[in-house]
Amino acid sequence: MAHAHSVKRHKGLMDWLTTVDHKKIAILYLLAGGLFFGIGGIEAVLIRLQLIKPMNDFVSAQTFNELITMHGTTMIFLGVMPVIFALMNAVIPLQIGARDVAFPFLNSLGFWTFLFGGLLLNLSWIMGGAPDAGWTSYTPLSTTTYSTTHGVDFYTVGLQIAGLGTLIGGINFLATIITMRAPGMSFMRMPMFTWTSFITSAMILFAFPAITVGLVLLSFDRILGANFFEVSNGGNPVLWQHIFWIFGHPEVYILILPAFGVISEVIPTFARKRLFGYSSMVFATILIAFLGFMVWAHHMFTTGLGPVANALFSIATMLIAVPTGIKIFNWLFTMWGGQIRFTSPNLFAIGFIPTFVMGGVTGVMLASAPADFQFHDTYFVVAHFHYVIVGGLVSGLLSGLHYWWPKMFGRMLNESLGKLSFWFFIIGFHLTFFVQHFLGLMGMQRRVFTYLPNQGFDTLNMVSTVGAILMGIGILFFLINAIVTAFKPKGVADDPWEDGRTLEWAIPSPPPEYNFKQIPLVRGIDALWKEKMAGNKGMTPAEPLGPIHMPSPTILPFVMSVGIFIAGLGFMFSKEDFSNSFMSLIFNNWIVVIIGLLITFGSMLLRSLYDDHGWHIEVEELDEEGVKA
Amino acid sequence: MKLSITIMIVVLIVVFAIAVYVLIKFRRKKGQTDVPEQVEGNFKLEIIWTVIPLILVFILAVPTVQKIFAFGDDHYNEKGSVQVKVTSHQYWWEFEYPQYGVKTAQELVFPTGKNIAFELKTADVLHSFWVPSLSGKMDTNPDGTINRFSFSTDKEGVYRGKCAELCGPSHGLMEFKVKAVNPDSFDKWVAAMKAPAVLPKDQALAETFKKSCLSCHAVGDQGGPVAPNLTGIGSRESVAGILLNEGQDGGKPVKENLKTWLEDPQAVKPGNKMPAPKDLGLTDEQIDGIADYLANYKLNY
């Protein structure tokens, strides 16, 4: 073999910076997502502490606005998105019987741009003030006239960079799922998690360009003096709302669909039954995604779009309840007649169902525009979307993490700690957010840094804050669990839950770097379960044993992302008045931007000119180290 | 709204009931090793739980659409409507009654039993005009996307008004009072508002007040339009919308509230545009005098 072992295998830190292995990138996504989730969580607790009593002065009004803005932005873009990508990376190539994703280099690039975008955004805390115009960043509040710090610049530039990573990831998974399924795995034999990730990736492809355009326009307004949203010069702030929500509403389905997928994997496994109504699940997913793009203006009922628009968007939004209902009943009837085991992943999955239903019914209530005139921008909305995103999505992710942890790390999470964190999380969650429905109905607006006494808000807010702390304890237990588990020896079985149904449970935990020694032949839905029922020990291979072609590790994606990061910082401060003449020389003359872009485009050039054909793992090596990661 | 809550509660009960039944009935027992039947699906059941929600959505959709169009009707130029032009500012509310030629701030006074038609706009960032007990909210947008809506009430009383769109640090403090009074009182109020301004009796204090305050604020026919109109501030329910006066839950005497505000406006509403009177060169004595004057500037209606 011409390229055999011509590649250097890196060790330690260098291994992580250069890896293109989807399993390692999954762990990187999980670590980064965990870091940002932690930051967002601390912000949430600070918000709740400020609201614990009326007229509190724990944080200032300005700081509070920075906290809510960063809490929302961080959680959505930097907290849950990467954890979703962590699960997708860890699981999808395994579930479809592939050795990696379609574009391993892009996979790594997607991660590093996401990370540097997220770091840039969070640098705002120590570089002159965080963004303060809400995660929706409505103009004119977010224009330079009313938001004078660089906060919103960190928001626009940071999210553009991070969004680039998400878009790259989405395209990569589309290509992977379309082209790299094992022989026999038709679309209608794909596991549900793969299906929902597929649809989510398609939604990313259509939704993220919208927010990117919006962010570009806003940063041009702020930094280069354009007038897209400047009222005095003929700009229109309602335009921003449309652009934001054309992205923003699909985004919530981008988030929740993978969680639906996780639930659709976990519940059948622990009920020992196949998913009820698989094909209707697939169609429901597609329908939700389609409708998800048609309902953005339900965030804008009070903007004044007129009765025709409000009526259409009301009805379209209510319709989403139908496919979502199909999913809920399918899950319930999957368990019907099964043998349910209450493991920690299944607890989170079972907790998901009623919680999500509650988030769903408040969603339908909000969909009715006349009622929304009351609910809009109150704590009722805050309760609604936290039921969907925390009670729904985060429960789903925690379920998925507990479920696939042994596959990702080769170690089982501690079940007792897992259950403990579930109970703290779910009780804390409902304490925090259930009462917020009533706060909203009683007239407490969202995003208020404090409130006057004697409105009946005091006790409910106190309850909510206590709940938030319990929820935090639940997450801490999960963290402790992860750390304790990391010190245990590896060595769980291929199928540690014993009732695994899909391909990832047919290979060692954690899988070797090439995943499948031989690509398996898929003979039906729930491929592994089918073989088990037929009395076979494992999957039937679809190919003879041969050398395996692997992509080479590379530092280029990391370097490219550093370049974009530098260019982004340079762009943000290009119009700043520096007292230091050297600083003004390099920033005001675009030198920093040029250096950053040179690094990025130089790396691209290098990547294009230098052909890297990858390398091979030989048959002898496969025989020797069978189980090595 | 009641209909939607009822339907939703029924849905919740059905789903929860099925969930509880399943979770109790189909637990895995010790030593159970047989494999449950692998059911692919059930066409009839699946049709049922597609069609029933569709019907429910339809039931909900009809009144929703009706109400949306009813709410969207423009009553602004209808005979008998009381027109109010609302202009929102960081962080105060201006109410102009074009039919009566009256302008006030922070306290919306209107007659009961009449349709109050609002035209909403903002002077700076987006705000949202909301009186939770009386009606839904509507955003105040800049010129070009001005909104109109209306409501009415038969019940006299004082209601809370709020800003419901993030508008800066003091968004949460951007409250106002809404006073529904009987039509006679309303007419008296309009007359009192149109009466010539009452200035401080003390000549020196009147001069200071004119020089330092009336460059932005107005009383009666005097002063400027930049800041909240102060005509009859002594008889309002609050100072600056959030310092509640006597008669309200937890209220304090008007003068005390006025002094709290005048001594340090930024401490009460961070980020507001009013300069501290002390920075304008006013002495404690003058501040006390102005507070006293304003507290006693009452309208009879």
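I located B:Ile59 in helix H2 of chain B; helices here are DSSP runs (H or I, at least four residues), numbered from the N terminus. The model is predicted, local features need pLDDT of at least 70, side-chain atom pairs count only at pLDDT 80 or more, and totals for chains, interfaces and linings use all residues. Residues are numbered from 1 along each chain as its sequence is written, chains are lettered from A, and side-chain values use heavy atoms without hydrogens or water.

**Surface patch.** I noted B:Ile59 as partly exposed because its relative accessibility is 40%, between the limits for buried (under 20%) and exposed (over 50%), with a 1.4 Å probe and protein chains only. B:Ile59 belongs to a nonpolar surface patch with B:Leu3, B:Phe43, B:Ile47, B:Val51 and B:Ile55, together about 550 Å² of accessible area. Patch members have over 30% relative accessible area and no salt bridge, and nonpolar side chains are joined within 5 Å; a salt bridge is a Lys or Arg side-chain nitrogen within 4 Å of an Asp or Glu carboxyl oxygen. Helix H2 (residues 43–72) gives the most to this patch, 5 residues.

**Cysteines.** I found 0 disulfides over all chains, a disulfide being two cysteine sulfur atoms within 2.5 Å. B:Cys167 is in none, and its nearest cysteine sulfur, in B:Cys163, is 3.9 Å away. B:Cys167 is buried, at 0% relative accessible area. I also checked B:Cys213: its sulfur is 9.0 Å from the closest cysteine sulfur, that of B:Cys216, and therefore too far for a bond. B:Cys213 is buried as well, at 15%.

Notes: Patches are made of residues with over 30% relative accessible area and no salt bridge: like charges are joined within 9 Å, nonpolar side chains (Val, Leu, Ile, Met, Phe, Trp, Tyr) within 5 Å. Accessible areas come from the Shrake-Rupley method with a 1.4 Å probe; for residues, only the protein chains shown count as cover. Helices (H or I, at least four residues) and strands (E, at least two) are DSSP runs, numbered from the N terminus.
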